[in-house]
Amino acid sequence: MIVVAGEALIDLVPQGTGALAALTPALGGGPFNTAVALGRLGSPAAFCSRVSYDAFGEALLDRLRATGVDVSAVQRGPEPTTLAVASVGADGSASYSFYVEGTADRLFTAPAALPPGTRAVSFGTCSLVLEPGAGAYEELLHTASAQGVFTALDPNIRAGLIPDPDAYRARFKSWLPSVTLLKLSAEDAEWLGGTPKEWLSAGPAAVVITQGGDGLTAFTRDGGVHMVPGEPVKVVDTIGAGDTVNAALLHGLAVRDALSASALAALGPDGWAELLGFAARAAAITCSRAGAEPPYAHELEG
């Protein structure tokens, strides 16, 4: 079981240009997208969050269930669902503004225990910014790590939600001793500051940096640098691409029985090339269609 901990929200995606373009609701949130992608790839997955009882919340849970994701660890509440208004650039890149005050996922509390059979827990995005929930997710991260569970972190920076960037950067560093795999985009890396070598020395066994169409690079504690190019694709938008990479990495490690720091160290150049190439192909499929629509396993066969 791979557990994904974090927010589920509604992306409002413009259907045209201009500030008053019609908005279409789409199911989203970085952790939610990661859980859906894991389910579509065939990995046993569970979602750990707090979801509203409103119609959006029900739709989010319906998508998870339909994808085979276990939702027994999801907390519920009467508060509304978080909304993210997307803006898609000419190159397909997406940016967001958020409506988060008093929403359900902010009131998440740390569970007493992880679901039975948990092999890994993935964290990231808004859930690690918005209090009081951020403190609860942080507690779960440290607890899981102390129990020897593989942990993955994708900060997925949304700068507009971070009132004190320096405080967030310091907090990010405090998470690293509890992180096994750190994945972040080149833009996230630039915003956070630091280098893969510095992050590796603080705790993670590997750091994976995504570079859009230029591919992915993994850095390991032994000084290894493993790179794969991006997959050529006609980009519709990049919504959910990074989340698909998260899921593909976790799925690929799970099928290799490599969800541990020692197993990451033993992957070697061929293992990293296969893993990163799989993630690049999965992300390319997501970019080829509108919204966060990660691929199914059969689309990646061969």
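This is a predicted model: local features need pLDDT of at least 70, side-chain atom pairs count only at pLDDT 80 or more; totals for chains, interfaces and linings use all residues.
**Close-up views of helix packing and the Pro294 region**

Figure 1. Beyond its neighbours within four places in sequence, Pro294 has contacts with Asn33, Val36, Ala37, Arg40, Thr244, Thr286 and Arg289. Pro294 belongs to the segment that comes after helix 9. With a relative accessible area of 3%, Pro294 falls under the 20% limit and is therefore buried. The C-alpha atoms of Pro294 and Leu41 lie 8.8 Å apart in space, although 253 residues separate the two in sequence.

**Figure 2. Arg40 and its contacts.** Arg40 is part of helix 1, which covers residues 30-41. Its relative accessible area is 10%, so Arg40 counts as buried. When residues up to four places away in sequence are set aside, Arg40 touches Arg63, Thr67, Glu293, Pro294, Pro295, Tyr296 and Ala297.

**Figure 3. Helix 1 and its burial.** Twelve of the twelve residues of helix 1 are buried, so this helix is largely enclosed by the rest of the structure. The buried residues are Gly30, Pro31, Phe32, Asn33, Thr34, Ala35, Val36, Ala37, Leu38, Gly39, Arg40 and Leu41. After helix 1 comes Gly42, with a positive phi near 100°.

**Figure 4. Packing of helix 1 against helix 7.** Two packed helices are described by the angle between their axes and the distance between the axes. The axes of helix 1 and helix 7 (residues 241-255) come within 8 Å, with a crossing angle of roughly 45°. Helix 1 is therefore oblique to helix 7. The crossing of the two helices is right-handed. Helix 1 contributes Gly30, Asn33, Thr34, Ala37, Leu38 and Leu41 to the contact, while helix 7 contributes Asp243, Thr244, Asn246, Ala247, Ala248, Leu250 and His251. By class, the residues of this contact comprise six nonpolar, six polar and one charged.

**Figure 5. Packing of helix 7 against helix 9.** The axes of helix 7 and helix 9 come within 8 Å and cross at roughly 145°, and the crossing is right-handed. On the side of helix 7, the contact involves Ala241, Thr244, Val245, Ala248, Leu249, His251, Gly252 and Leu253; these meet Leu275, Leu276, Phe278, Ala279, Ala282, Ala283, Thr286 and Cys287 of helix 9. Twelve nonpolar and four polar residues make up this contact, with no charged residues.

**Figure 6. Helix 9 along its length.** Helix 9 comprises residues 268-287, and its 20 residues should span 28 Å at 1.5 Å a residue; the end C-alpha atoms are 28 Å apart, which agrees. Of these 20 residues, 14 are buried, so helix 9 is largely enclosed by the rest of the structure.

**Figure 7. Packing of helix 3 against helix 4.** Helix 3 (residues 133-146) and helix 4 (residues 165-175) have axes that come within 11 Å and cross at roughly 25°. This angle makes helix 3 roughly parallel to helix 4. Ala134, Gly135, Glu138, Leu141 and His142 of helix 3 meet Arg171, Ser174 and Trp175 of helix 4. The residues of this contact divide into three nonpolar, three polar and two charged.

Conventions
Residues are numbered from 1 along each chain as its sequence is written. Side-chain values use heavy atoms; hydrogens and water are left out. Helices (H or I, at least four residues) and strands (E, at least two) are DSSP runs, numbered from the N terminus. Buried means under 20% relative accessible area, exposed over 50%, partly exposed in between (1.4 Å probe, protein chains only). Contact means heavy atoms within 4.5 Å. Axes are lines fitted to C-alpha atoms, for helices over the stretch in contact, and angles run from 0 to 180 degrees between N-to-C directions. Angles under 35 degrees count as roughly parallel, over 145 as roughly antiparallel, 65 to 115 as roughly perpendicular and the rest as oblique. A crossing is left-handed if the near helix is turned anticlockwise from the far one by less than a right angle, and right-handed if clockwise. Ala, Val, Leu, Ile, Met, Phe, Trp, Tyr, Cys and Pro count as nonpolar, Asp, Glu, Lys and Arg as charged, and the others, Gly among them, as polar. The expected span of a helix is 1.5 Å times one less than its number of residues.
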